[in-house]
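Hi everyone, thanks for coming. Let me put the sequence and the structure up on the screen, and then we'll walk through the fold together.

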Amino acid sequence: MRKTSVIACAVLAVASLLVATAPADAAGTPASTPAGTPTSTNGPCGYTTTPDDPPARPVSLPPDPRHTPDKGIVKVLVATNQGPMLLSLDRAKAPCTVQSFLHLAKSRFYDFTTCHRLTLYPTLKVLQCGDPSGTGEGGPGYSYKDELPTDLPNWPTDPTGVSKVYARGTVAMANAGPNTNGSQFFLVFADSRLRPDYTVFGSIDRLGLATLDRVAAGGIAPTPDDPTGVDGAPVRKTNIIVARSLGVW
């Protein structure tokens, strides 16, 4: 089946999900503890609450089974007001990250949120999403370990080999330092130069890249803090209407 057909069918399915899907259950939530006390799941992913960084939207900790699913590509439709994006999440590359992302999607954490950051630096071109507060400061109220890539090519003009290529079409986790993954992720629309400090967990389809290109072409609204307009909110405001898993392929 052609991708365009998959997208069309998926959009119809997601429209019905908006009405019919029941709220996600609380699987993965540990026993209650006193307020302000960090808690963690007991599985290998060890999702841990962040009392100093509460959730931007109520959500439980993800399920954390004894064996984290680590096989298969999970398709996730991210429908935005700028166009659809079909993500292919690779469980083998980042099983804990994929598990968390699917949990957040199932819990409607990403629905009706705004992709708050667009970057147009010469060597960093990404759209960042996943914060319901729209500020870049919000998350799910938990964090978990990095699953860093080991196979990224070297950036061609970096003789040290420290900088790597995050290629066009990559989906990766944003973070605030080692092992601080939460809900924010970024979508790469042109090859970008970064240290391999960001978990890569999927890729974007052709139509999704066309959506990103359209957002990027609109540019960034200049502000007093960034008069050059290379890092900030996109002019073409990009809202995630719904994000839903389409199953394992």
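This is a predicted model: local features need pLDDT of at least 70, side-chain atom pairs count only at pLDDT 80 or more; totals for chains, interfaces and linings use all residues.

Residues are numbered from 1 along each chain as its sequence is written, and side-chain values use heavy atoms, with hydrogens and water left out.

Back to that pair of strands. Strands here are DSSP runs of E, at least two residues, and helices are runs of H or I, at least four residues, both numbered from the N terminus. β2 (residues 73-80) and β3 (residues 83-90) run antiparallel, joined by eight bridges, and they make a hairpin with two residues between them. I'll say that two strands pair if DSSP finds at least two bridges between them. β2 also pairs with β14 (residues 239-248), antiparallel again, over seven bridges; there, Val-74 stands opposite Val-248. Seven of the eight residues in β2 are buried, so the strand is largely enclosed by the rest of the structure. Buried means under 20% relative accessible area, exposed over 50%, and partly exposed in between, with a 1.4 Å probe and protein chains only.

Moving along, β3 pairs antiparallel with β12 (residues 200-204) over three bridges, and Ser-88 has Ser-203 as its bridge partner there. Zooming out, the open sheet has 10 strands, in the order β4-β14-β2-β3-β12-β9-β10-β6-β5-β13, with antiparallel pairing. β4 and β13 are at the edges with a single partner strand each, so one side of each has no neighbour in the sheet.

Now the core. A nonpolar core is a set of buried Ala, Val, Leu, Ile, Met, Phe, Trp, Tyr and Cys residues joined through side-chain atoms within 4.5 Å. The largest one has 38 residues, and those with the most contacts inside it are Leu-87, Leu-89, Phe-185, Leu-187 and Phe-201. Helix α2 (residues 95-106) gives the most to this core, with six residues. Another core, of 10 residues, lies apart from it and includes Leu-152 and Tyr-166.

Finally, have a look at Phe-185. Beyond its neighbours within four places in sequence, its contacts (heavy atoms within 4.5 Å) include Phe-101, Tyr-110, Phe-201 and Ile-240. Thanks, and I'm happy to discuss!
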